[in-house]
Each structure stands twice: as structure tokens, then as C-alpha cells.
Amino acid sequence: MYLTTKQKTIKYVCYCLILIAADLLQNTQGLFPQIFGARCFLLLPLAITIAMGEEIIAASFLGLFAGLLWDITAPVHLGFNCIFIAVVCFLSSALATYIVRDIFVTNMICCAVVTVLYCLLYWLFFIVIRGVDGGEYTLYSFYLPCAVYTLVISPLIWLIMRPVKRKLNFEKSVEI
């Protein structure tokens, strides 16, 4: 389906506003509930869900924007989220464009792989390699619970974003 320039502009502005809202929910203390100290990384499944239905370059830039939003609020690891989310959005979009369909199962598999990979890489690069005292235990006490929490929320994000993506792609629903 081909969209006009005005329709694409509306779509990407809406996606950016949704990413900004998710960033505020994720990174503002008290706006999104923490369960036993575990935080939900809302931007990861949201960016993947958006990217799996987009062109590769647009998905990469949306991932870069999501990572930039996350890096703005990060005190330590400037640039990690930008690079990581842009790369995984690129790969997810390429996967959905050339290999698999953009359906619930593929979205959840991509979200799971990306979330676990993010938690492991972040823990490795910024906790273990830096030699934080007791950092080895944070994998089990913080990062894996955060990954599980994010994975539990991922289907809800997909259910919310599915009609939004259809509406922004100006698809007409077909009744059988």
C-alpha cells in the first residue's frame, strides 16, 4: 500500500508521539508500576512492534529516535540505547519484510529475543566489565526480572498497537 506524503507524515508524527509517551511512562518515577523493584522497558517491545510493519530505513530511524529518548534520561551509558534499538529495529523490519510475516508470534519472538539480549548486554557492558561490586548478582535480582516483566507486557503492547498501526497505514478493514 502506498501512502501519500501527508499520510506518511501523520503516521510518523503519531509514532514519535507514542514513543515519547512510552519513554515518559518508562523513565519517570512512579508513572508505571515497578514490581518488586523490576522495571518494565516499554520502549523495547514498542519499538520492535512498530518496526516490524515499516520500511527498513523508517524502522531504523524510529528505533534511533526511541533509543535517543531513552539515552536522554540515562546518566551513564550515552549512545548504547540509540545504537542497540536502531540495529534491532533494522533487523526486525528486514526480518518482517523479507523472511517472516508481521503477526503476533513473530512479534513476541522478536520482543523476547531483543529484551533478553538487551538485558544481558547491558549487564555485561555496564555492570560486569566496569567491575561494580556485587554486580554479578544483579543479573538475577534486577535484569532478568525486568526482562520477564517486559515480556509479560509485550502482548498488551502488541494488542494496543495493532489497531493503531492499521489506522495509521490507512487500511480499510475487510469484513467476512
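Contact here means heavy atoms within 4.5 Å, and helices are DSSP runs (H or I, at least four residues) numbered from the N terminus.

**Ground rules.** I am working with a predicted model, where local features need pLDDT of at least 70, side-chain atom pairs count only at pLDDT 80 or more, and totals for chains, interfaces and linings use all residues. Residues are numbered from 1 along each chain as its sequence is written, and side-chain values use heavy atoms, with hydrogens and water left out.

**Helix 2 and helix 3.** I looked up which residues touch: Leu 43, Leu 44, Ala 47, Ile 50 and Ala 51 of helix 2 meet Ala 59, Leu 62, Ala 66 and Trp 70 of helix 3. Next I checked the geometry: the axes, lines fitted to C-alpha atoms over the stretch in contact with angles from 0 to 180 degrees between N-to-C directions, come within 9 Å and cross at roughly 165°. That makes helix 2 roughly antiparallel to helix 3 (over 145 degrees).

**Helix 1.** I then asked what is buried (under 20% relative accessible area, 1.4 Å probe, protein chains only). In helix 1 I noted Lys 11, Tyr 15, Leu 19, Ala 22, Asp 23 and Gln 26. Their cover includes helix 2, helix 3 and helix 6.

**Thr 106.** This residue lies in helix 5 (residues 104–128). I have Thr 106 down as buried, because its relative accessible area is 14%. Leaving aside neighbours within four places in sequence, Thr 106 contacts Met 52, Val 100 and Arg 101.

Technical notes:
Helix = DSSP H or I, 4+ residues; strand = E, 2+ residues; numbered from the N terminus. Buried < 20%, exposed > 50% of the residue type's maximum accessible area, 1.4 Å probe, protein only. Parallel < 35°, antiparallel > 145°, perpendicular 65-115°, else oblique.
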